[in-house]
Amino acid sequence: MELQTIEKLLNKYFDGETTIAEEKDLKLYFSSPDVAPQLEQYRPLFGYLSNQEQQRFDKPLPLKAKRNYGKWLSVAASVVLLGGMLTLYNLQQPAQNDDLGTFNDPEVAYRETQKALNMLSKNVNVGVGSVQYVTGEYNKSKDVIFKESSNHNQKK
Amino acid sequence: MNQSDFMNVITPFKDRVFRLAKRLLVSTEEAEDATQEILVKLWNNKGKLESYSSVEALAMTMTKNYCLDQLKSKRASEMRIVHNNYTDRQAGLQQQTEDRDSWNWVEKIMETLPEQQKMILQMRDVEQYEFEEIAKIMDMNETAVRVALSRARKTLREELTKTHSYGITNN
């Protein structure tokens, strides 16, 4: 390329007026072995700029498919928990069934049944007794409250 | 978007992200970390990428912001940028030592430029972006980009001329 053209391009370049194509021409000119001596000072500049393109990034990227492991972990945990509970339940079930005693002698069975029923009714009576007490107390306080509230209403 | 789709999207510009980061952060390691950071950020938001007209411009903007933040926090903690990687250029670039020396000069002069000019010079003279793209990434208007670019180039010219004539007077 003619020296004059290059000098013109250089001036345009330093004014920020060159196009990409013109800048390519400049780089090409300064990469050639026969650069005019008076332009020698610009050779490193264009050499450096062209050389920079060679730099590469080739570090591996730590890309992993971002999955929601948390969600699946909780599902797995609940499955395990449920399974555990079921096994425990199944293990305890037969133990309860084994406890039901049986009697061979009818008389003994009769006595034992009576004993059991007596115990039951005694306990029921105890319960009834305390329920009666509670009912009494309840009625007392109910009377107090309703009397007061009716008095209150009358005053209004 | 799976991993290989994503790689196809980023492959054309991942080196540019790295080079811009290196221009600003100087150290290769830090630039690599920054690039990784930005690409992983893009990957984590891969669902939204399709809504951007240019993922490359987005990535460059992210790089600019990320690196400027890095520099700001570094300055705040008064850490100095240590760069000792001028010498470990890519193997296979069997250039003349003389050339490398003068390239190092250019690099050092570029380091003294303000960040904005550094980025614009990098994007224009290395990555060959159009002014329109640079304006978008830098969030400036095209005229301001041209002015900053011209200033950066003129500073380089001035410094290089100084170095050049210094060399001559010493010989």
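Helices (H or I, at least four residues) and strands (E, at least two) are DSSP runs, numbered from the N terminus. This is a predicted model, in which local features need pLDDT of at least 70, side-chain atom pairs count only at pLDDT 80 or more, and totals for chains, interfaces and linings use all residues. Residues are numbered from 1 along each chain as its sequence is written, and chains are lettered from A and ligands numbered from 1 in the order in which they are written.

**A loop residue of chain A**

Tyr42(A) lies in the loop between helix H2 (20–31) and helix H3 (43–52) of chain A. A residue is buried if 20 or more other C-beta atoms, placed from the backbone, lie within 10 Å of its own, exposed if 12 or fewer, and partly exposed in between. Tyr42(A) is buried because 23 other C-beta atoms are within 10 Å. Two residues are in contact if their C-beta atoms, placed from the backbone, lie within 7 Å. Leaving aside residues up to four places away in sequence, Tyr42(A) touches Leu10(A) and Phe30(A). Phe30(A) is twelve residues from Tyr42(A) in sequence, and their C-alpha atoms are 7.6 Å apart.

Among the buried residues are Pro44(A), Phe46(A) and Asn51(A).

Between the two chains, 24 residues of chain A are in contact with 36 residues of chain B. Helix H1 (3–14), H2 and H3 of chain A each give two or more residues to the side of chain A that touches chain B. The largest share of that side, seven residues, comes from H3(A).

**Two helices of chain B**

Helix H2 (residues 14–25) and helix H6 (residues 115–126) of chain B have axes that come within 10 Å and cross at roughly 145 degrees. Axes are lines fitted to C-alpha atoms, for helices over the stretch in contact, and angles run from 0 to 180 degrees between N-to-C directions. H2(B) contributes Arg19(B), Leu20(B), Arg23(B) and Leu24(B) to the contact, while H6(B) contributes Glu115(B), Lys118(B), Met119(B), Gln122(B) and Val126(B).

**Residue classes**
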